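The sequence and model are shown first.

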Amino acid sequence: MLYFVIKCALSGVIVGVVSEVARRSPAIGALVVSLPLVSLLGIIWLWHDTADIERTAGLAESTFWYVLPSLPMFLALPWMLRAGIGFWQSMAVSCAITIILYFVTAWILMRFTGIRL
């Protein structure tokens with residue numbers, strides 16, 4: 001249980017640091033957010049917990065494929081905000097777009113490459 005609390009605390013500290021950095025400098029905050037810190041932590045925690053090469057490799061590969069459909073959100077959100085659409089509505093639409101693109105990506109990968117996410 002202590003190990004779980006440590007993982008949660010460390011992950012929470014990272015999110016807190018990122019939000020504070022972004023508050024002071026959006027550009028530096030964006031740079032820090034663009035780092036795959038959560039992915040790296042997830043990979044490290046999985047390896048530490050299982051030492052399973054195939055699972056760890058699978059997590060890394062799946063993460064790559066799921067990052068691609070999430071990228072349009074980072075264009076849609078600022079566009080909607082600048083167009084005068086409210087924050088929560090813009091966030092909801094951006095998340096919906098991402099979810100739809102996740103399913104489309106998974107379908108395309110399975111249909112044309114045989115990769116199952």
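Predicted model: local features only at pLDDT ≥ 70, side-chain atom pairs only at ≥ 80, totals over all residues.

Residues are numbered from 1 along each chain as its sequence is written, and side-chain values use heavy atoms, leaving out hydrogens and water.

The protein has six helices and zero strands (DSSP runs: H or I of at least four residues for helices, E of at least two for strands). Each helix below supplies at least two residues of the lining of the largest pocket.

| Helix | Residues |
|---|---|
| H1 | 2-24 |
| H2 | 26-34 |
| H3 | 37-50 |
| H4 | 53-70 |
| H5 | 73-82 |
| H6 | 87-113 |

The C-alpha atoms fill a box of roughly 50 × 40 × 25 Å along the principal axes. Of the 117 residues, 15% count as buried (under 20% relative accessible area, 1.4 Å probe, protein chains only).

The largest pocket holds about 880 Å³ of space. A pocket is an open set of points on a 1 Å grid where a 1.4 Å probe fits, with protein on both sides within 12 Å along at least five of seven lines; lining residues have an atom within 4 Å of a point. The volume is the space filled by probe spheres set on the points, which are joined across faces, edges and corners. There are 25 lining residues, and Val33, Ser34, Leu35, Pro36 and Phe74 are the closest to the pocket centre. H2 gives the most to this lining, with six residues.

How values were computed. Buried < 20%, exposed > 50% of the residue type's maximum accessible area, 1.4 Å probe, protein only.
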